[in-house]
Amino acid sequence: MTESGGQTAIIGAGVMGETLLSGLVRAGRRVDTLLIGERHAERAKELEERYGVSVVSNREATARADTVALVIKPQDMADLLAEIAPELRPGQLLISVAAGITTDFIESRVPEGVAVVRAMPNTPALVDEGMAAISPGTHCDESHLAEAEALMGSTGKVLRVPEKQMDAVTAISGSGPAYIFFVVESMIEAGVHLGLPRASATELVVQTLVGSAKMLRETGTHPTVLREQVTSPGGTTASALRELEVHKVRAAFLAAMEAARNRSRELAEGS
Ligand SMILES: NC(=O)C1=CN([C@@H]2O[C@H](COP(=O)(O)OP(=O)(O)OC[C@H]3O[C@@H](n4cnc5c(N)ncnc54)[C@H](O)[C@@H]3O)[C@@H](O)[C@H]2O)C=CC1
Ligand SMILES: O=C(O)[C@@H]1CCC=N1
């Protein structure tokens with residue numbers, strides 16, 4: 001990450017823009033090296049008050065920054081690029097986190113020589129457990145990629161992937177937290193159906209998730225082996241897992257992630 005002097009602009013400070021902003025601040029980045037472009041005045045005021053960060057016009061943010069993170073919806077990307085293109089210069093780094101938007105899409109709308117990185121972060125970055133992937137565009141050199149890696153790495157892990165894998169990455173780790181929260185919600189509801197107080201069901205499920213996640217990361221053991229360790233012959237887990245198979249949960253996950261991958265591809269077409 002640029003340590004001194006270099007300004008970083010974040011254009012679009014919604015859920016993911018604030019996640020990135022707060023992560024940089026937690027990582028020790030000086031607020032006076034950050035600039036925000038945010039079109040909703042109320043939201044801009046909220047961020048100024050919460051972080052003491054300067055909110056300026058998108059064009060001013062672009063002109064003053066060495067690195068510009070684009071954190072707006074894919075559907076708004078073409079208009080934003082048209083707005084900021086006059087301020088962009090060769091060597092500057094643009095990092096887009098927009099689902100589906102390719103480096104080609106961006107490069108064809110900005111001056112020749114602007115370095116573009118496509119990134120896909122996720123919301124656990126809010127607690128410094130993010131998983132981001134990055135892919136370089138045509139004019140990126142190692143220093144640009146390292147800068148993007150440092151920026152995303154301030155809130156978690158970063159993986160470099162070929163851009164052709166980005167729609168799949170989006171379907172897995174970008175959208176992934178939502179699938180996990182959906183499973184958690186479903187298990188809590190089931191606990192309530194089984195007669196547990198909601199607070200107890202919530203505590204049981206959340207700690208089970210955290211413990212299972214920690215086992216996966218800390219033991220490095222394959223999930224199949226970890227699942228088998230829980231599944232006593234003729235026991236309760238085997239009965240539950242049979243129901244999950246009967247209800248085609250595995251197939252449903254595959255179909256869901258294919259749908260997310262396909263939607264990411266469609267977003268590149270502007271729909
Ligand atoms: N929410 C998530 O978990 C993830 C989101 N992303 C990507 O991040 C991007 C933003 O998503 P969210 O933060 O969820 O959306 P959001 O709707 O919460 O935030 C977008 C923000 O951009 C602002 N905005 C829109 N157009 C603007 C413009 N022209 N100039 C300045 N500000 C503008 C909006 O006022 C809003 O505050 C999307 O492209 C999405 O694909 C990527 C990974 C994960
Ligand atoms: O749902 C979306 O389109 C964004 C991209 C990945 C997570 N949220």
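**Reading the labels on a predicted model**

Analyst: Let's start at Lys248, found in the loop between helix 11 (236-246) and helix 12 (249-267). Helices here are DSSP runs of H or I with at least four residues, strands are runs of E with at least two, and both are numbered from the N terminus. Residues are numbered from 1 along each chain as its sequence is written, while chains are lettered from A and ligands numbered from 1 in the order in which they are written. This is a predicted model, so local features need pLDDT of at least 70 and side-chain atom pairs count only at pLDDT 80 or more, though totals for chains, interfaces and linings use all residues.

User: Why is Lys248 called exposed?

Analyst: Count the other C-beta atoms, placed from the backbone, within 10 Å of a residue's own: 20 or more is buried, 12 or fewer is exposed, and in between is partly exposed. Lys248 has 11 such neighbours, so it counts as exposed. Its phi is also positive, near 55 degrees, although Lys248 isn't a glycine.

User: And what makes helix 11 lie largely in the open?

Analyst: Helix 11 has 11 residues and the number buried is zero, so it lies largely in the open.

User: What makes Asp128 partly exposed?

Analyst: Asp128 has 13 C-beta neighbours inside 10 Å, so it falls in the partly exposed class. You'll find Asp128 in the loop between strand 6 (115-120) and strand 7 (130-136). Here too phi is positive in a non-glycine residue, at about 60 degrees.

User: Why does Asn58 count as buried?

Analyst: Because Asn58 has 22 C-beta neighbours inside 10 Å, it counts as buried. Asn58 lies in helix 3 (residues 58-64). Leaving aside neighbours within four places in sequence, Asn58 is in contact (C-beta atoms, placed from the backbone, within 7 Å) with Ile11, Gly37, Leu80, Glu83 and Ile84. An unreviewed UniProt entry lists Asn58 under "binding site"; such annotations may be inferred rather than shown by experiment, with feature names shortened and positions in the numbering used here.

User: Which residues come nearest to ligand 1?

Analyst: Of the 27 residues around ligand 1, those are Gly12, Gly14, Met16, Ala98 and Ala99. To be near, a residue's C-beta atom, placed from the backbone, must lie within 6 Å of the molecule or strand. Helix 1 (residues 15-26) gives the most to this shell, three residues.

User: How does the shell around ligand 1 divide by class?

Analyst: The shell around ligand 1 has 13 nonpolar, nine polar and five charged residues. Nonpolar means Ala, Val, Leu, Ile, Met, Phe, Trp, Tyr, Cys or Pro; charged means Asp, Glu, Lys or Arg; the others, Gly among them, are polar.

User: What are the domains of the protein?

Analyst: The assignment, automatic or from a database, gives domain 1 (8-166) and domain 2 (176-267). Their contact takes seven residues from domain 1 and six residues from domain 2. Taken over C-alpha atoms, the centres of the two domains are 32 Å apart.

User: How confident is the predictor in this protein?

Analyst: On pLDDT, the predictor's confidence in each residue from 0 to 100, the protein averages 96, and 98% of the residues score at least 70. The model's ipTM is 0.99 and its pTM is 0.96.

Terms used:
Contact = placed C-beta atoms within 7 Å.
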